Amino acid sequence: MARSASALRGQILESALRLFAVHGFRGTSLQDIASDVGCSKASLLYHFAGKEKILTELLTPAQDALATLLDRVAGLEGGRLVEETVVGYVDLTLRFRREIRLLFEDITEMSCHQDLNVMELADGLLDALAGRSQHPPARVAAWMVLGAVFITSATDDEVAPDEVLRAEMIRSALRALDHTPS
């Protein structure tokens, strides 16, 4: 039975995400993805103009979710800003774990990807985690939380059940930011 165009497109994206997470973006070819899906490279190229377009489509939902989080906390200040940002960031990284692993594999290349505004969003996240403070200790702590949450989410290790992992990531991030939850 022939697959619908939307089903094939979905299978291509799922396969690409899995292969990119295992072999890296550079280590995965279009032919690898096509073979894994069971279609020709020409069929894959009918749906996506290249590997970069697949990557963009894979990462756009996470990018949009982070932009939504930053919009949601834009009007907040002080402790509420920090707490809402930490909880939202942890939830986002756990929701998009495979995408985070993909970003982690080659953070330099991914942060410069032309169709994604990774650095702009990271700057907004850093600012919110620091409570909009320019004070160096707040900025350093925010950088540490940004990196630690990212790395913890990217691990393949089954450190703890998801609910325990989430609670501990939030608690540890708030502690690093010298914030007591309300």
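Start by selecting Val86. Setting aside its neighbours within four places in sequence, you will find Val86 in contact with Leu129, Ile170, Ala173, Leu174 and Leu177. Keep in mind as you look around that this is a predicted model.

Now widen the view to the core around this residue. Val86 belongs to the largest nonpolar core, which has 57 residues. Along with Ile33 and Ile54, Val86 is among those with the most contacts inside that core. To see where the core comes from, colour the helices that each give two or more residues to it: H1 (5-23), H2 (30-37), H4 (51-73), H5 (78-95), H6 (97-105), H8 (118-129), H9 and H10. Which of them gives the most? Pick out H4, the top contributor to this core with 10 residues.

Next, go to the second largest pocket, whose volume is about 170 Å³. H10 gives the most, with seven residues.

For the last stop, select residues 29-48. An unreviewed UniProt entry annotates this span as "DNA-binding region". In the model, the span is 75% helix and 0% strand, and a line drawn between its end C-alpha atoms covers 13 Å.

Conventions. Residues numbered from 1 in each chain as written. Predicted model: local features only at pLDDT ≥ 70, side-chain atom pairs only at ≥ 80, totals over all residues. Heavy atoms only, no water. 1 Å grid on protein atoms, 1.4 Å probe; cavity = no way out; pocket = protein on both sides within 12 Å on 5 of 7 lines; lining within 4 Å. Points joined across faces, edges and corners; volume = space filled by probe spheres on them. Helix = DSSP H or I, 4+ residues; strand = E, 2+ residues; numbered from the N terminus. Core = buried A, V, L, I, M, F, W, Y, C linked by side-chain atoms within 4.5 Å. Buried < 20%, exposed > 50% of the residue type's maximum accessible area, 1.4 Å probe, protein only. Contact = heavy atoms within 4.5 Å. UniProt positions renumbered as here; feature names shortened; annotations may be inferred.
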